Amino acid sequence: MKLYDNATAPSPRRVRIFLAEKRLTLPAVQVDLRGGEQFTPAFRAMNPDCTVPVLALDSGAAITDVVAICRYIEELYPDPNLMGTDAEHRALIECWVRRIEWDGIYAIAEAFRNSAPGLERRALPGPLSLDQIPALAERGRRRVQHFYTWLDTRLADHRFVCGPEFTIADISALVTVDFSARAKLDPPAHLRQIARWYGEVSSRASAKA
Ligand SMILES: N[C@@H](CCC(=O)N[C@@H](CS)C(=O)NCC(=O)O)C(=O)O
């Protein structure tokens, strides 16, 4: 197994934290996204979506999605459990992860990629060159505030996003909040539950990954 990674991008960091929680280290290859290495024929042959992370398996298969990679690792290395212990738990965790992606990660990406100098013509990751649309940056900023509001409400009576246990949903939300700083969209200080939860999850050793 080999992980195609990038040290500063949020998506592969979700996998690195997941691996750190499992106390696993995989051989890794840094993909130079700024230098356009994701568009080289060799990388495209492995992942036509031109994104990281990719988990290349010894079988020759390539898993090109964060949650699919984590699911594969979870099945091989079930302890500690990070994706649910029974049908209901697994389904609920998946709901929260999807909500965090949709309202959090994608919303911040929408705001950031449609406004950041240096990402002109790169408004979406992937093989297409797409122009930035300033109205989408504004829409993304509004969507992020909605994300923070519901996350704070959720955390008011849950220690972690899915209850008493740390899960992949916390990893996803932690990476989202850290990504938000790059878009100058940090959670508002009055959302005390996010601050309390962030203090706890960001001090875990895995958060350094
Ligand atoms: N399908 C992927 C998307 C991952 C993704 O968007 N990766 C970004 C880094 S965070 C990327 O590779 N971007 C390449 C680019 O911007 O050209 C997943 O969620 O696993």
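Where does lysine 184 lie? I found lysine 184 in the loop between α6 and α7 (192-202). I kept in mind that this is a predicted model.

**Lysine 184.** I looked up its backbone angle next. Phi of lysine 184 is near 55°, a positive value in a residue other than glycine. Most residues other than glycine have a negative phi. Lysine 184 has 10 other C-beta atoms within 10 Å, so I put it down as exposed.

**Cysteine 50.** Here too phi is positive, near 60°. Cysteine 50 sits in the loop between α2 and β3. I noted it as buried, because 20 C-beta neighbours fall inside 10 Å and the cut-off for buried is 20 or more.

**Cis prolines.** I checked omega at two prolines. The bond from valine 52 to proline 53 is cis, with omega near 5°. Proline 53 belongs to the loop between α2 (41-46) and β3 (54-56). Aspartate 79 and proline 80 are also joined by a cis peptide bond, with omega about -5°. Proline 80 is in the loop between α3 (66-76) and α4 (87-113). Most peptide bonds are trans.

**Isoleucine 171.** I placed this residue in helix α6 (residues 168-182). Isoleucine 171 is buried, because it has 29 C-beta neighbours inside 10 Å. Beyond its neighbours within four places in sequence, it contacts Arg14, Ile17 and Phe18.

**The sheet.** I traced an open sheet of four strands, in the order β2-β1-β3-β4, with mixed pairing. β2 (28-30) and β4 (62-63) are at the edges with a single partner strand each, so one side of each has no neighbour in the sheet. β1 (residues 2-5) and β2 run parallel, joined by three bridges. Leucine 3 has alanine 28 in β2 as its bridge partner.

Key: Residues numbered from 1 in each chain as written. Predicted model: local features only at pLDDT ≥ 70, side-chain atom pairs only at ≥ 80, totals over all residues. Helix = DSSP H or I, 4+ residues; strand = E, 2+ residues; numbered from the N terminus. Buried ≥ 20, exposed ≤ 12 C-beta atoms within 10 Å, placed from the backbone. Contact = placed C-beta atoms within 7 Å. Pairing = 2+ DSSP bridges.
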